[in-house]
Amino acid sequence: MKIGVIGTGYVGLVTAVGLADMGHNVTGTDKVTEKIEKASRGIVPIYEPGLGDLLRKNLKKGNLCFNSDLEETIRSSDVLFVCVNTPQRKDGSADMTFVEGVSRCIAENLNGYKLIVEKSTVPVRTSSWIKRTMTLYKAGECSFDVASNPEFLREGSAVSDFLDPDRIIIGVESDKARDMLLKIYEKYKDKIYITNIDTAELIKHASNSFLAMKISYINLISDLCEKTDADVEFVAKGMGLDSRIGKQFLQAGLGYGGSCFPKDVRALVKMGEDLGIDMKLLKEVDRINMARTDMFIKKVKNALWILKNKKLAVLGLAFKPRTDDIRNAPSIHIIERLLEEEARLSLYDPEAVKNIKALFPEGRPEILYAASAYQALEGANAALFVTEWEELKNLDLKKAKKLMENPIIIDGRNIFKPGDVRKLGFEYYSIGRK
Ligand SMILES: NC(=O)c1ccc[n+]([C@@H]2O[C@H](COP(=O)([O-])OP(=O)(O)OC[C@H]3O[C@@H](n4cnc5c(N)ncnc54)[C@H](O)[C@@H]3O)[C@@H](O)[C@H]2O)c1
């Protein structure tokens, strides 16, 4: 079986490298030729721990290659993993333009049986649209199947998530498609869960929305904690001890961001509403999440009163640690709001500065890009912790205090223990804790 991976972004590149590492013959393709040129030379264009080594290992082995010719990749593959982006449209629904475009291209280049595997996160019933597109545009009489195999990797631990997954969901409607996917994932046979295609598609959106709901839930509880003597860290711990609840995704803070949760919650809302279902529960999850920026800005103002001309060190810009991805990162909204208040910002992140610079270009007098967290803290009136990078958790706070104009920390991720930080002489504000 020859496998083609279409779209080599965060998911596609890991998929291509991961499938090659399992021993398959893989070609990755992308419309951005720069990504293909880099990947062919063993260079990972994104920051993803461990991916570079695995890419180079498999390029050397000879069963992984990259090619910017989509048509050629389609013609030379038996199985096509579609990993293109499915961004949010203005009305909240998923933009399926790229999936449609790829489906049409597969149809027009159908030179034998193909198994088309949806790996991108797609709305339930997308497979019916892919099949319709295939039927409308296909060249000749060759047959095909569509299957769903949603991806659950997390940026920052994508390689281990792909190579050691909790589960592999496979949605199929033919024995042939099922057998091909079982062969591809032979190594993981105990982790495979087979369903029909609509079910597999929905598992992905239902899972992401559920996790987002847990985050908004604990953030709502953290607001309650702030008005009482309860401490959200201990509330979350106490809740998590119940195995029905589990301790993950109960960290109160600035809410979820990234390229998946915000858009997937909204896409599920739109899917449900289009089918006449009341989706208020998930709308509220989104609303609570969006309100986290307001809550944080309020804390900054409560600590500093007037923000105009104050120097604020914003530490952590990626939407979460161990990635350079800033899509829907809380830092973006926070920076925008602080600029509206005419604050002066020194921004630092271990990996995401390049991406943030594309949104907030260098050269504006009110923005300084610091080369280290300590440089960002020089002369700062407050330190704002926005992403919980290990490097930031391990800052030498004594040194930080000496560098700052005012020893004030506003910790949006509950990185530090309040007692420890206050003992060092900081004024300390965090989320849902005194
Ligand atoms: N990023 C994640 O953590 C994650 C996790 C699970 C699922 N997903 C889902 O996987 C999908 C991809 O996400 P991503 O983060 O990798 O997106 P991405 O934007 O990083 O990558 C998508 C890639 O597809 C390419 N592409 C688009 N149209 C193409 C075409 N016609 N031909 C060739 N290449 C094309 C783009 O150039 C881009 O490189 C989305 O549906 C997303 O929701 C993402």
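Residues are numbered from 1 along each chain as its sequence is written. Because the model is predicted, local features need pLDDT of at least 70 and side-chain atom pairs count only at pLDDT 80 or more, while totals for chains, interfaces and linings use all residues.

Reader: How many Å separate the centres of domain 1 and domain 3?

Author: Domain bounds come from an automatic or database domain assignment. Domain 1 covers 2–195, domain 2 covers 204–290 and domain 3 covers 292–429. Taken over C-alpha atoms, the centres of domain 1 and domain 3 are separated by 38 Å.

Reader: Which residues come nearest to the ligand?

Author: A residue is near a molecule if its C-beta atom, placed from the backbone, lies within 6 Å of it. The shell around the ligand divides into eleven nonpolar (Ala, Val, Leu, Ile, Met, Phe, Trp, Tyr, Cys, Pro), five charged (Asp, Glu, Lys, Arg) and eleven polar residues (the others, Gly among them). Of the 27 residues around the ligand, those that come nearest are Gly7, Gly9, Val11, Ser120 and Thr121.

Reader: Which strands stand at the edges of the open sheet of six strands?

Author: Strands are DSSP runs (E, at least two residues), numbered from the N terminus, and two of them pair if DSSP finds at least two bridges between them. The order is S11-S10-S9-S12-S13-S14, with parallel pairing. Two strands each have a single partner strand, so one side of each is left without a neighbour in the sheet: S11 (367–369) and S14 (427–429).

Reader: What is the bridge partner of Leu384 in S13?

Author: Strand S12 (382–385) and strand S13 (408–411) pair in the parallel sense over three bridges. In S13, Leu384 has as its bridge partner Ile410.

Notes
Helix = DSSP H or I, 4+ residues; strand = E, 2+ residues; numbered from the N terminus.
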